Amino acid sequence: MRLFCFSALLILFATTTQAQGQTPVSNYNKALADSLGADEYGMKWYVMVMLKTGSKQIKSRDSLQWLYKGHVDAINEMTNSGTLIVTGPMGKNDKNFRSFYILNTSKTEEAQKLMNANPAVKFGLFDAEYFFWYGPAALPTYKRFQPMVEAKKP
């Protein structure tokens, strides 16, 4: 009977520990986790920005081209500095979302400053909405492999 109770307690303890996410991982790299800002679950907070169709209308083709060039330049600058992790256009949707960004910051004020450096956002061609997103801390490392799978550049 004592063996049964001991076994039951051991199984209960093991199940509870696993359910709470307390199981240590054998290939954990603390230096890498720290360099990426990971918490104990390998995650961290980012700011996700959803760009929507803005309130300003542009009739001049030259102005529109200038704003889009500035928009692309701002994307490239944020990518090169490491502040922009992921971006991409959205398919048609009823919320007027045009594209999204995942920024390597957990501060809304910093995200707003970065987005306002984009002339298309600053002018009002796009409006930005900001959300906190809890995602994998290793997400920025995908950039190392992305060029290896791109047969063409847009």
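This is a predicted model: local features need pLDDT of at least 70, side-chain atom pairs count only at pLDDT 80 or more; totals for chains, interfaces and linings use all residues.

Residues are numbered from 1 along each chain as its sequence is written, and side-chain values use heavy atoms, with hydrogens and water left out.

**Stop 1: aromatic pairs**

A search of the whole structure turns up 3 aromatic pairs. Rings of Phe, Tyr and Trp (its six-membered ring) pair if their centres lie within 6.5 Å; planes under 30 degrees apart are stacked, over 60 edge-to-face, and the rest tilted. Select tyrosine 46 and tryptophan 133: this pair is tilted, at 5.7 Å centre to centre with 35° between the planes. The pair joins distant parts of the chain, with tyrosine 46 in strand S1 (residues 43-53) and tryptophan 133 in strand S4 (residues 126-136), 87 residues apart. Helices (H or I, at least four residues) and strands (E, at least two) are DSSP runs, numbered from the N terminus.

Is tyrosine 46 buried or exposed? Tyrosine 46 is buried, at a relative accessible area of 0%, whereas tryptophan 133 is partly exposed at 28%. For the cut-offs, buried is under 20% relative accessible area, exposed over 50%, and partly exposed in between (1.4 Å probe, protein chains only).

Now pick tyrosine 68 and phenylalanine 126, an edge-to-face pair with 6.2 Å between centres and 75° between planes. Tyrosine 68 is in helix H3 (residues 61-81) and phenylalanine 126 in strand S4, 58 residues apart. Tyrosine 68 is partly exposed at 32%; phenylalanine 126 is buried at 5%.

**Stop 2: a charge over a ring**

Show lysine 56 with phenylalanine 123: the charged end of lysine 56 sits over the ring, 5.2 Å from its centre. The test is NZ of Lys or CZ of Arg within 6 Å of the ring centre and within 35 degrees of the ring normal.

**Stop 3: the loop**

Move to threonine 105, in the loop between strand S3 (97-103) and helix H4 (108-116). Threonine 105 is buried, with 5% relative accessibility. What does the side chain of threonine 105 reach? Look for the backbone nitrogen of lysine 107, at 3.1 Å.

**Stop 4: back to strand S4**

Finish on tyrosine 134, found in strand S4 and partly exposed at 32% relative accessibility.

Definitions and conventions. A polar contact is a pair of N or O atoms within 3.5 Å; within protein, one must be able to donate a hydrogen and the other to accept it, and residues adjacent in sequence count only if both atoms are side-chain atoms.
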